[in-house]
Amino acid sequence: MTDEKHNQELADEEMINQSFQELLDSYLKTKHRKKVEIITKAFNFAKQAHKGVKRRSGEPYIMHPIAVAKIVCSEIGLGSTSICSALLHDVVEDTDYTVEDIENLFGPKIAQIVDGLTKISGGIFGDRASAQAENFKKLLLTMSDDIRVILIKIADRLHNMRTLGSMLPNKQYKIAGETLYIYAPLANRLGLNKIKTELEDLSFKYEHPEEYAQIQSKLAETQAEREEVFREFTTPIRQQLDKMGIKYQLLARVKSPYSIWNKMQTKHITFDEIYDILAVRIIFTPKNAEEELNECFNIYVSVSKIYKPHPDRLRDWVSHPKANGYQALHVTLMSNRGQWIEVQIRSERMNDVAEQGFAAHWKYKEGGGSEDEGELEKWLRTIKEILDDPQPDAMDFLDTIKLNLFASEIFVFTPKGEIKTMPQNCTALDFAFSIHTFLGSHCIGAKVNHKLVPLSHKLQSGDQVEILTSKSQHVQPSWINFATTAKAKAKIAAILKRERRGMQHLGEEMLHDFFKTQGLEATPENIQKICERHNIKTPEELYTAIGLKTIILSEDDKNEVKEKPATNNWKKYISFAFGVGKSNKEKSAEEKEPAPKIDSKKIVKLTPDAIQKNYIIADCCKPIPGDDVLGFVDDNNRIVIHKRQCPLAAKLKSGYGNRLLAVQWEIGKALYFPVNIYIKGIDSLGLLNKVTQVISQQLNVNIHKLSIESNDGIFEGRIQLNVHDVDDVKTITTNLRKIEEVKRVTRIENFDDQPS
Ligand code: MN
C-alpha cells in the first residue's frame, strides 16, 4: 500500500466517523430513547459491508447511508429502528449479506424494513414498461407493511437528489422525473412539506436547468426590493404584536422556484405577474397550549385592522386542518403599496408540523417519544386515518392509487399495469364496476392472470384482471348475489331500477295504445280488470310486465274489459307494435311493408317505441333529444331524423321539400344516445382523472370511447358518451368547464371531427 493511498484511507475514515458522530449528536438531541448501542452496531456493520466501495462522487459509499440516516433522524424525526434501517438500507441490495443476516443481528423489525427497501430499490420506472408495474406493486405492497419503508425511501431519494450532480445526465433525467412524479407527491401527502419543496426544486433544476437558472436570477434581482417590501409591511405588524405581548418570529417566505415556474406554466403568466412570491409568516409561541387557536385568530383580527384583508382569501386550516395535518391561518392583506400580500399565521407547533409532518408531534409530547412503545404506532395510525379519509382538496396522485394500509384490502392490476385497491373477497364483477359503470354493466366475464373466469370469481392480491365486455350484455338481477362492494351493488340496483322504470313507461304507453285501437277507455276500472286477469296487484306492475313483454295483451284482455267491438286488424296491430307473436319470417315481411302513410301536416312525435322501429337517426349529424330536428321520409318510407342545421338536411330541404316532416322529441329520459364531446386544456397530472370523475362519478354517465392526446402541454380529448338528451350534454359540459385546466368543451358530431 502506497503512502498516498494510506493517507486517503485515513482521511476517509475520519470523515466517516465525523459524519456518524454528527448523526449520533442529532439523535441524542431528540426525545427518543437513547439507543446508541444498536445504532452504532448498525453503522459498524454497514461500514464494513460497503468497505472499499465508492460513490460516483468519489466518496466512500457508507457516507450515503449515514446521510440518509441523518435525514431520517433530523428532518423526518424518526427513531432508532428507522435510523438503523436507514444505515443498513443498501446492504442487502449491494453486498453479499442477506435479509436473514440482518434479522439475526438486528431482529425481525429492522430486517423487515430493510427487506422492503431492497424490494423497491429498483425505482418506479424501470427500463422496461412491465418492470414499472412490478415495481409499483412492490412499492405499494411494502407500503402497506410499514410506512417507515416509505419514509426512509423518501430520505434515500432526497439524498440522491442532493447529490445528483455526479450522476450521468440520462440517469439524472430518470431520477428527477420519478422524483417529481412520485416522491414529491408522496412527501406532500405525508406532510413532509419541506422535503417535498426541496425534491420539487431539485427535480426542476435538473429537468429544466435554463428555466431554473432564469428564475433563480430573477429572484436574486428582486430580492432587495422584496426585503424592502417586507420591512415596510411588517413594521406596523411588529408594533402591534409587541403591544399584545406575543412572543413571535416574522419570516419572509419566498415562493420556491418550482412553484413559481409551475404557476407561470399553468396560469400563462410571467415572473413579474406572480403576486404571491413573497409571503409573510408569523410564527408565535402560544402562552399555553389551550390558547393556541384563540391566539391565531387574535393575531388575524389585529393584522386585519392594520391592512385591509382580501374578502375571499381567508383560509382557515386552523379549525379544519388539511389532510396531511397542515394547520395555519392564511389571510391576504393589501399593503400600503397596493399589493396583496399573503400572511400565514402559525404557532410554533403548527410550523413544525408543516415542515416535518406528523413526526413533529413527538416534540410536543410529554416525556418524549419512543419509537418502540406505541408512539410510532399512534403516528402511523394518524396517517392511516388521514389516508383513509382524504379531504377533497388533497386530490392528488396518491388519491388515485389510494395508499392502502389495511390488510383487509388487496391490490389488483388493470391490463395496463395500473393499480386498483379493492376490498378483500371482491369479485371480478366488483372490479369491473370499480373501473367504470359501463365496464360493469356490460361485462360478460374476466381474464384473471390471462385465464378466463366467471364474473363471480374472487380476486386475490396481485391478480391482473381484464374485463371482457359485450355491447349486448345487460345487467342481470342475479348479479346482486356476487357483487360485494357497495359501489357495484348500488350501481346494479340503480340500473335495474332504471330499466324497470323505462319498461314501466313503455308498458303504460303500450296499454294505452291497445285501449285506443280497441276503442276502449283507459279508465282505472278497465286497467284494474286487466290487472286482475293477470293476477297483478298494481297498475305499475302491470305496465312493467307489458313493457318487459311477460304479458302480451290479447283478445281475452279486450273481452275482459268488455266494451265496444274490436276493429278488424287489431291483432295485427298489436303484434306489429309489440314486435311479438309472429315468427321471424313473418316479422321481417311485415317490416318491409311501407310504413303507414305519413301525414306531413301533422307534427310527428318521436316516442321511445317509435324511435326504435320506424325512425332512423341520421348518421351524418347524429341528433339527440333536445336538438332542433326535422324528419325526412326516405325511399323505404322510413323517417330519417336530421339536425336542422345539418348540411345534408339543407340539401334535402331544397331538393325534396315535400318529403320533409316536422318532428318533435317525446322521448323523455327513456333512451340513451351516443354523443361526442371534445375537450381542450392545459395538460397536467391528474387532469384525465378529473375529467373522468366528472363524467362517471359526478354525473353517472357511461363513457363509450375515449381518446387523449397531449402535445407540448396541451391536452386534447375526445369522449363518446351515452346520454339521454341535450340537457345531459349541457350538464356535462358545464361541469367539465369547471375544471380549472379545461379551456374548451364542445360537442362534436363525429368522434374524430375537429371542432369548428
Ligand atoms: Mn440508497
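Author: Helices here are DSSP runs of at least four residues, numbered from the N terminus. The model is predicted.

Reader: In which helix does lysine 263 lie?

Author: The helix in question runs over residues 257-267. Lysine 263 falls in that run, and the helix is H14.

Reader: Is lysine 263 buried or exposed?

Author: The relative accessible area of lysine 263 is 16%. Buried means under 20%. Lysine 263 therefore counts as buried.

Reader: Which residues does lysine 263 touch, leaving out those up to four places away in sequence?

Author: Contact means heavy atoms within 4.5 Å. With residues up to four places away not counted, the list for lysine 263 is Lys255, His268, Ile269, Ile274, Tyr275 and Asp276.

Reader: What are the protein donors of the manganese ion?

Author: The donors lie 2.2 to 2.5 Å from the manganese ion. In sequence they are spaced H-x24-H-D-x65-D. By name and atom they are His64 (NE2), His89 (NE2), Asp90 (OD) and Asp156 (OD).

Reader: How many residues apart are histidine 64 and aspartate 90?

Author: Histidine 64 sits in helix H3, residues 63-75. Aspartate 90 sits in the loop between helix H4 (80-87) and helix H5 (91-94). The pair links distant parts of the chain, and the spacing is 26 residues.

Reader: Are histidine 64 and aspartate 90 buried or exposed?

Author: The cut-off for buried is under 20% relative accessible area. Histidine 64 has 1%. Aspartate 90 has 8%. Histidine 64 is therefore buried, and aspartate 90 is also buried.

Reader: Why is strand E17 largely enclosed by the rest of the structure?

Author: Strand E17 covers residues 673-682, which makes 10 residues. It is largely enclosed because the number of buried residues among them is eight.

Reader: Which residue is the bridge partner of tyrosine 678 in E19?

Author: E17 and strand E19 (residues 714-723) pair in the antiparallel sense over 10 bridges. In E19, the partner of tyrosine 678 is arginine 718.

Reader: Which residues make the nonpolar surface patch of about 220 Å²?

Author: One of them is leucine 706, placed in strand E18 (residues 703-711). Leucine 706 has a relative accessible area of 38% and is partly exposed.

Technical notes
Residues are numbered from 1 along each chain as its sequence is written. This is a predicted model: local features need pLDDT of at least 70, side-chain atom pairs count only at pLDDT 80 or more; totals for chains, interfaces and linings use all residues. Side-chain values use heavy atoms; hydrogens and water are left out. Donors are N, O and S atoms within 2.8 Å of the metal (3.2 Å for Na, K and Ca); water is not among the atoms, so sites may look incomplete. Helices (H or I, at least four residues) and strands (E, at least two) are DSSP runs, numbered from the N terminus. Buried means under 20% relative accessible area, exposed over 50%, partly exposed in between (1.4 Å probe, protein chains only). Two strands pair if DSSP finds at least two bridges between them. Patches are made of residues with over 30% relative accessible area and no salt bridge: like charges are joined within 9 Å, nonpolar side chains (Val, Leu, Ile, Met, Phe, Trp, Tyr) within 5 Å. Accessible areas come from the Shrake-Rupley method with a 1.4 Å probe; for residues, only the protein chains shown count as cover. A salt bridge is a side-chain nitrogen of Lys or Arg within 4 Å of a carboxyl oxygen of Asp or Glu.
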